[in-house]
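Please read them with the sequence and the coordinates open beside you.

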Amino acid sequence: SQMSKRLYFFFSQVFQLLTDLKQQRKESGKNKQSSGQQNLNTIMYETLKYISKTPCRYQSPETVRDFLAAMKGHKLTK
């Protein structure tokens, strides 16, 4: 369905964003964290953990666009 397609695309974008943010934080080497920062880290960790168990982990925006373009002509329904 259209909603599923949007959700996969959204998850792949969120996964990429959080992965990039995690890498930036690792490279910056900031050790001192506020409680708000610790909460954000927990949310990032749990979100990445969940999404990494879905096919979205292996998708890029280009992959999703290519797939949707390829399937458009098939006129699939629910």
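1. Basis of the comments. This is a predicted model, in which local features need pLDDT of at least 70 and side-chain atom pairs count only at pLDDT 80 or more, whereas totals for chains, interfaces and linings use all residues. Residues are numbered from 1 along each chain as its sequence is written, and side-chain values use heavy atoms, with hydrogens and water left out.

2. Overall fold. The protein has three helices and zero strands, giving the pattern α-α-α along the sequence; helices (H or I, at least four residues) and strands (E, at least two) are DSSP runs, numbered from the N terminus. Of the contacts (heavy atoms within 4.5 Å) between residues at least 6 apart in sequence, 75% join residues at least 24 apart.

3. Surface and burial. The accessible surface comes to about 6,600 Å², with 57% of it belonging to carbon and sulfur atoms; such areas come from the Shrake-Rupley method with a 1.4 Å probe, and for residues only the protein chains shown count as cover. Buried residues make up 14% of the 78 residues, where buried means under 20% relative accessible area, exposed over 50%, and partly exposed in between (1.4 Å probe, protein chains only).

4. The core. The largest nonpolar core consists of eight residues, namely Phe11, Val14, Phe15, Leu18, Met44, Leu48, Ile51 and Cys56; a nonpolar core is a set of buried Ala, Val, Leu, Ile, Met, Phe, Trp, Tyr and Cys residues joined through side-chain atoms within 4.5 Å. Helix 1 (2-28) and helix 2 are the elements that give two or more residues to this core, and helix 1 gives the most, with four. Leaving aside residues up to four places away in sequence, Leu48 touches Phe15, Leu18, Thr19 and Lys22.

5. The buried residues of helix 2 are Met44, Leu48 and Ile51. They lie on the same side of helix 2 because they cover an arc of only 70 degrees around the axis, the arc being that of the directions from the helix axis to the C-beta atoms. On the other side of helix 2, Ser35, Ile43, Tyr45 and Tyr50 are exposed.

6. Thr54 is found in the loop between helix 2 (35-51) and helix 3 (61-72), and Thr54 is buried, with a relative accessible area of 15%. A polar atom of the Thr54 side chain lies 2.7 Å from the backbone oxygen of Ile51.

Conventions:
Polar contact = N/O pair within 3.5 Å; in protein donor to acceptor, adjacent residues only side chain to side chain.
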